[in-house]
Amino acid sequence: MDFLSVFLAFFPVLAIFFMLLVYRMAADTAGFIGWGLAALVAWLFFHTDPTVVLTASLAGLVASLPIALVMAASIMQITLMQETGAVARVVALMKTIAPGQQTVQIMIINVGFGILLTSLGAVTVSILPPIMLALGYSTMTAILLPAIGYDALCTYALLGIPAVVYAQFVGRPVNEIGGYFAMYMPVISTCIALGMLQVTGGTAMVRKGFIPAVIAGVTAGVIAILMAKVGLVTITGIAAGLGVIAALVVYVKLTGMPLQDRSLLNDKDLAAEQRLSLLRATSPWILLTVFSLVLNSPGLPFFNLTFKQWSMPLEIIPGKPEQVRLLWQAYFWVVVCTFLALPIMRATGEQVRRGLKTSAKRAFRPILSASVFFAIAYIMQHSGKGIDWQLADPAHNMINVMADASAATFGKFYAAFAPFLGLLGGFISGSETSSIAMLTKLHLSTAERIGVSVTGGMIIAAASGIGGGLASVISPAKLQNAASSIDKIREASVAIRPAFVISMLITTVVSVMTMIFVF
């Protein structure tokens, strides 16, 4: 294994990182350049047949559909909800929650509602910053808190899509692998909650809000473990979000503090209340929750039907069909529930037309960004293969070369390094799912080389996924989204610095836990 092989194997990823960090290039643009570099390196240096490069890219695009289309569907949903006044009605409710109890308010809105809404396909970095600003929080805090709040349970976002993609890459059922992520959750979600307080008010606020933060973090983590044990991994986020809200409501009641204060509402908020009831405003999410529970309940036949029997395999790479699972996917049900809710939200034809037009513009580039990183991952995985899709020489496979180099460099400490690699992958791609797609095969291959068991390899890959989730708080795309929702787009770059410190500290905790779990 020579230096040139190692350098070129890592080169597409390093180039993307450089383009994002130094030139601040848009994620989709950097991704397409990275794809071109990966294709050229695989073809010219690693002796990959050009047909394999193109076919693997196509397979990657198909594999990206669950995350790419759910992003588009969620953007469409929240845009239509904005048009009908449903978002304004939700804002009016959140303004009244836990008055005078800033630490509890932060936990309920950004952890509880944040996890819940993210798991249902809503874009919290679009919805929550205006709410936080309206509640009197600083611009920086309004940008950072929504981006941090759901990071711990990012694996269970969008009806568990990151977990499902991970399961596909490791070749195990999604309900079996849920525990690998869940065992981190009580500690990591508590660290997230404490980090949010540190960002908001420093050490003094951490001391003041320590109990609510621990309640929120431990509740979310324990529910994640329980959902993994009962086989309901894909709806973990829904249960955890509701559980955190319920636990904090009980805490407020026990302390004797007021839970709600309507005097905080202005004329605009009161008008939003008159326009729509809370049930009507949240009907897309209520419907989605109901359908999610029905589809994924182990006592009902629908999960077996839509996930297994109607998996709709599409064979692009010979012998390795991609499972489309249209009638199970989150994007399908987000769209269905949104359109079912339009009459309930009293949407007019003009609102629907305007909302669809706006969401099409907003969704185009996020779809491209999500898709291209899967294409890169698939090129790297299948590099070195000939027209018969056989790998004659392992030294011609980019993943094998990267794994050998990583094993030689880090040895047993690779388990501690993997979460940081996941953080890097999440920063580069802008999503935990894309990070999982890019890196899972590398982690499994490297774990085998350093003598770690199959289970240990999956723990290492899961830890990397959690690192990818923690990257949400430093993702330029997410911070820009949060900042633009309050017309403070220039503040996004300033927010990266404190966010980077928090993400590094919590990823270090993941690193230590991974070493303990694996060895």
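Author: The largest cavity has a volume of about 80 Å³. A cavity is a set of points on a 1 Å grid over the protein atoms alone where a 1.4 Å probe fits but cannot get out, and a volume is the space filled by probe spheres set on the points, joined across faces, edges and corners. This is a predicted model: local features need pLDDT of at least 70 and side-chain atom pairs 80 or more, while totals for chains, interfaces and linings use all residues. Residues are numbered from 1 along each chain, and side-chain values use heavy atoms, without hydrogens or water.

Reader: Which residues line the largest cavity?

Author: Among them are Val62, Leu65, Gln168, Glu322 and Tyr331, where lining means having an atom within 4 Å of a point. Two or more lining residues come from each of α3 (50–63), α4 (65–84) and β2 (320–323); helices (H or I, at least four residues) and strands (E, at least two) are DSSP runs numbered from the N terminus.

Reader: Turning to α18, which of its residues are buried?

Author: Ala330, Tyr331, Trp333, Val334, Cys337, Thr338 and Ala341 are buried, that is, under 20% relative accessible area with a 1.4 Å probe, protein chains only.

Methods
1 Å grid on protein atoms, 1.4 Å probe; cavity = no way out; pocket = protein on both sides within 12 Å on 5 of 7 lines; lining within 4 Å. Buried < 20%, exposed > 50% of the residue type's maximum accessible area, 1.4 Å probe, protein only.
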